[in-house]
Amino acid sequence: MLPLLIAPLASGAAVGLAYLFCYGGFEGPVDWANELDTHGSRDRRSLALTFDDGPDPSRTPLLLDLLAELDIKATFFLLGNRVDAHPDLARRIVAEGHEIGNHTYNHRYLPLARSRSVAAELEATDRAIARATGITPVLARPPYGGRSPRNVRVFDRLEKRLVLWDVNSYDWRGAPAAEVAHRVVEQVRPGSIILMHEAREGGETTIDAVRALVPTLQNEGFEFTTVTGVL
Ligand SMILES: [Zn+2]
């Protein structure tokens, strides 16, 4: 009776581990094999702020106002469905000199999707962004940073530069702005790419964190630019 129980459990665990290793759970090996971008040059004191999941009708305009006030440029990884809902905001992001990237259409976890679906997500977003702004983005970031060897190949085939991050603000967890800003300031190194999300419930804390962390880091000699600027 016991072997009957153990054999399927053991093989299940082996399959699970193999899956995690190859398809997203342990992402280090995927990144080393594919040389994905998690940061830019460590030789220059440049940083890239990145904002995922927008545009959002109530918070993205506030963030854009703040970036203008601070006189810095950032990079926005946009969702196709939200660009279709708010094309004017996508246009404003571009008009104000920020960089945009493709963050898929529906924010699916891609390691569980077929290659065909991954391509469809990226292509639908390219079309939405091109309709709104006239630009086809080169940069792309998978939702949750989820990546597998198979879907990295789809990004390559569509000539997307897959960009991750080396500083996670964890702003989505709902900590106060000062704590989010502190976490970022503590972690940055020259060339860091910083992950943030203003386009969410409670995104005001992200905006307040940006207001706090930018002058602090500028005083340490860092300058803020786009992802392409740090790469
Ligand atoms: Zn996202």
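Trainee: Which of the 38 residues in the largest nonpolar core touch the most other members?

Mentor: A nonpolar core is a set of buried Ala, Val, Leu, Ile, Met, Phe, Trp, Tyr and Cys residues joined through side-chain atoms within 4.5 Å, where buried means under 20% relative accessible area, exposed means over 50%, and partly exposed covers the range in between (1.4 Å probe, protein chains only). In this structure, the residues of the largest core that touch the most other members are Leu49, Phe51, Phe76, Met196, Val210 and Leu213. Helix 9 (204–219) is among the elements that supply at least two residues of this core, as are strand 1, helix 3 (60–70) and strand 7 (193–196), and helix 9 gives the most, with six residues. A second, separate core has 13 residues, including Leu36, Ala119, Leu122 and Val152. The model is a predicted one, in which local features need pLDDT of at least 70 and side-chain atom pairs count only at pLDDT 80 or more, while totals for chains, interfaces and linings use all residues. Residues are numbered from 1 along each chain as its sequence is written, and side-chain values use heavy atoms, with hydrogens and water left out.

Trainee: Which residues does Leu213 touch, not counting those up to four places away in sequence?

Mentor: Contact means heavy atoms within 4.5 Å. With those sequence neighbours set aside, Leu213 touches Leu49, Ala181, Val184, Val185, Met196 and Phe224.

Trainee: Which residues coordinate the zinc ion, and through which atoms?

Mentor: Donors are N, O and S atoms within 2.8 Å of the metal (3.2 Å for Na, K and Ca), and because water is not among the atoms, sites may look incomplete. Here the zinc ion is coordinated at 2.1 Å by Asp53 through OD, and by His103 and His107 through NE2, and along the chain these donors follow the spacing D-x49-H-x3-H. Asp53 in strand 1 (residues 46–54) and His103 in the loop between strand 3 (99–102) and helix 6 (115–133) are 50 residues apart, a pair that links distant parts of the chain; helices (H or I, at least four residues) and strands (E, at least two) are DSSP runs, numbered from the N terminus.

Trainee: Is Asp53 buried or exposed, and what is its phi?

Mentor: Asp53 counts as buried because its relative accessible area is 15%, and its phi is positive, at about 85°, although Asp53 is not a glycine.

Trainee: Where does the charged end of Arg45 sit?

Mentor: A charge sits over a ring if NZ of Lys or CZ of Arg is within 6 Å of the ring centre and within 35 degrees of the ring normal. The charged end of Arg45 sits over the ring of Phe222, 4.1 Å from its centre, and Arg173 lies over the face of Tyr170, at 4.1 Å from the ring centre. Tyr170 also has a positive phi, of about 50°, although it is not a glycine, and Tyr170 counts as partly exposed because its relative accessible area is 28%.

Trainee: With which side chain does Ser148 make a polar contact?

Mentor: A polar contact is a pair of N or O atoms within 3.5 Å; within protein, one must be able to donate a hydrogen and the other to accept it, and residues adjacent in sequence count only if both atoms are side-chain atoms. The partner of Ser148 is the side chain of Asn151, at 3.1 Å, and Ser148 counts as buried because its relative accessible area is 1%.
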